[in-house]
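Dear colleague,

Please find below the sequence and structure that I am handing over to you. My notes on them follow directly after.

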Amino acid sequence: MQHVRGRLIVAIAGFGGLLLAALVAAPLLGTTSISLVRVFDRSIPFADNADAQIFFVARLPRILAAALVGGSLALAGAIFQALLRNPLATPDTLGVSSGAALGAMLAISFHFDFAIAGLSSVSLSSLAGSIGALAIVYMLATARRRGLSTTVLLLAGVTMTAFFSALTLAVQYMTDFADTFRTVRWLMGALDVGSFTPILAALPLIAVACVMVATLPRPLDLISLGADAAAARGVDVQRAERLALISASLVTGAAVSISGPVAFVGLVVPHIVRLVVGSDHRLVLPASALFGATFLIACDLVARTLFAPIELPVGIVTAVIGGPFFLWLLVRRTRT
Amino acid sequence: MLHAVEVSFAYRDGGPTVVDGVSLAIERGELVGLLGPNGSGKTTMLKLMGGILRARQGSVSFEGRRLADWPRREAARKIAYVPQETHAPFDFSVMEIVLMGRFPHLGSFALEGPEDLAVAQRALDATGMSAFAARLFHTLSGGEKQRVVIASALAQDPELLLLDEPTASLDVGHQLEVQQLLSRLNAGGRVAMVLSTHDLNLAASLCRRLILIRDGRVLASGPTADVLTPANVRALYDVEADVHMHERAGHLTVTPIART
């Protein structure tokens, strides 16, 4: 039995190193090869330096967006899986993503035209949609009870997802071709953010959520074994469940506002991480965030280069990798 | 040590009263059995005694202080609870499960140190599960799981251990093992135990005192020999039963005869 401290250091160093490597390598890789020397060559004006433009405008924001979205979704997935005591839960399970999709859809279809703090109306509306979805599911799950009912949470989430999807389709059906095309593209999940603004706008939300998550890993370990047992071990279950639900929804909403829904990251990454570091959430949560970031940077690299010059939306790549992996997990679970 | 006074509880506002004006006391080092038919309120009463549920009326106090006023971690250093069944959705090892019992002794950001590992190891030794430390919890049998969860509760270093039907899903051999384990753990007089059970013979052999609960009320309470009578069994379960002293077993045995 290794000490948890040692395992924690190894896990963070390992997955952190991997992320660092991805962050350094990914901006240099792509259909156009660029020279790092030229990128940072101050003697060439930026307007004439194609390498610097590709590096700073085309690739870096995209890679940072991938890191932030991947890390957020993986962290949210790991939290939801523990909270719902269900390893097959994802950030989409509670309807947060589909609420965000509906918000974005309305903004695109009805041409909402406003921006706050550099956030586009689509990002803001998707954020509002995810918060709305969380509020509804949360009220349903806590109604007439003192704690959260995980069964009600799950069922409410699945129902809300279907409900929001129906509304999304209804809106889509009534809008014209160009808007429908935009909404379909948004729903695929894409990281071509084009600037640092959406990333900077999402950062405070993610930071707040990370502070909320800080005390959660051990309570989540205990809650995964049952709420009553956790309470008897000294966990303030109600508080921990609330913090978990709100923080995971917050990072999901922030991520979706950057990229649209990106499927399967929140499901696949925590499972890969658990295969490596075990199930202790003090290791699983930070490792998931780090590896989620790396994973999405890698998927986006595939999306950018595989069918060059066509750039696939990253959501397609994650789904193509994640779908079969999910099925493998299912088969593996039913066997054991 | 623990006093419940006129405790009532319902799971919902306006819902059925599950525990209805129960008063009882548990003294240090005692081993008390909680008997009653299905739905009589045994589990709810255990959770009220553990501070997992809060009484709607009346109060439960531990060492003279209302449980509602105890911070959760502090209460968990005194009172541990073993649920009827524990299911682990993730691949936790036995040692990891036992170490979770150290939660109330650690700060929010503290990691387990050598002392915590030593306590966990002692708990595994006490329950005879040392050889299983590295095994994955979900691969164990029902009886083994139960002993690991008891070890985890012992790692809390409690003065009162509440067990919800600790032998419910076990075969006769494992029932005897758990029974002997509980008897041994209680023998030092350091840990008081309250266990709910449907197994009258287990209660008769293990518990020095019984509390009979029906429809959320205390039907009878007292030393096992006084309380475990055919009349009380009939009142509790609507069952005609013979109660004998079993010479070889050395305790009362109950043989159900017919439903009344």
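For the helix packing described here, axes are lines fitted to C-alpha atoms, for helices over the stretch in contact, and angles run from 0 to 180 degrees between N-to-C directions. Helices (H or I, at least four residues) and strands (E, at least two) are DSSP runs, numbered from the N terminus.

This is a predicted model, in which local features need pLDDT of at least 70 and side-chain atom pairs count only at pLDDT 80 or more, while totals for chains, interfaces and linings use all residues. Residues are numbered from 1 along each chain as its sequence is written, and chains are lettered from A and ligands numbered from 1 in the order in which they are written.

Helix packing in chain A

Two packed helices are described by the angle between their axes and the distance between the axes. In chain A, helix H4 (residues 96-109) packs against helix H7 (residues 177-188) at an angle of about 155 degrees, the axes being 9 Å apart. H4(A) is therefore roughly antiparallel to H7(A); angles under 35 degrees count as roughly parallel, over 145 as roughly antiparallel, 65 to 115 as roughly perpendicular and the rest as oblique. The crossing of H4(A) and H7(A) is right-handed, a term used if the near helix is turned clockwise from the far one by less than a right angle, with left-handed used if anticlockwise.

On the H4(A) side, Ala101(A), Ala104(A), Met105(A), Ile108(A) and Ser109(A) meet Asp179(A), Arg182(A), Thr183(A), Trp186(A) and Leu187(A) of H7(A). Two residues are in contact if their C-beta atoms, placed from the backbone, lie within 7 Å. The contact of H4(A) with H7(A) comprises six nonpolar, two polar and two charged residues. In these classes, Ala, Val, Leu, Ile, Met, Phe, Trp, Tyr, Cys and Pro count as nonpolar, Asp, Glu, Lys and Arg as charged, and the others, Gly among them, as polar.

H4(A) also packs against helix H11 (residues 237-259) of chain A, where the axes come within 10 Å and cross at roughly 40 degrees. This crossing of H4(A) and H11(A) is right-handed. Val96(A), Ser97(A) and Ala100(A) of H4(A) make the contact with Ser249(A), Thr252(A), Gly253(A), Val256(A) and Ser257(A) of H11(A). By class, the contact of H4(A) with H11(A) has three nonpolar, five polar and no charged residues.

Domains of chain B

Chain B is divided into domain 1 (1-78 + 161-260) and domain 2 (84-157), with bounds that come from an automatic or database domain assignment. The C-alpha centres of these two domains of chain B lie 25 Å apart. Their contact takes 15 residues from domain 1 of chain B and 13 residues from domain 2 of chain B. On the domain 1 side, helix H2 (72-76), strand E7 (160-164) and helix H6 (172-187) of chain B are the elements that give two or more residues, and H6(B) gives the most, with five residues. That side divides into eight nonpolar, two polar and five charged residues.

Sheets of chain B

Strands pair if DSSP finds at least two bridges between them. Four strands of chain B form an open antiparallel sheet in the order E2-E1-E4-E5. Its edge strands are E2 (17-26) and E5 (65-66) of chain B, each of which pairs on one side only. Strand E1 (residues 2-10) of chain B is joined to E2(B) by six bridges, and His3(B) stands opposite Ala25(B) in E2(B).

A second open sheet of chain B has six strands in the order E6-E7-E8-E3-E9-E10, with mixed pairing. E6 and E10 of chain B are the edge strands, and the twist averages 15 degrees from one strand to the next. E6(B) and E7(B) pair in the parallel sense over four bridges, with Tyr81(B) opposite Leu162(B) in E7(B). Strands E9 (residues 209-214) and E10 (residues 217-223) of chain B pair in the antiparallel sense over six bridges. In their hairpin, which has two residues between the strands, Asp215(B) takes a positive phi near 50 degrees.

Interface between the chains

27 residues of chain B are in contact with 25 residues of chain A. On the chain B side, H2, strand E6 (79-82) and helix H3 (94-99) of chain B give two or more residues, with H2(B) giving the most, three residues. The residues of this side divide into 15 nonpolar, five polar and seven charged.

With kind regards
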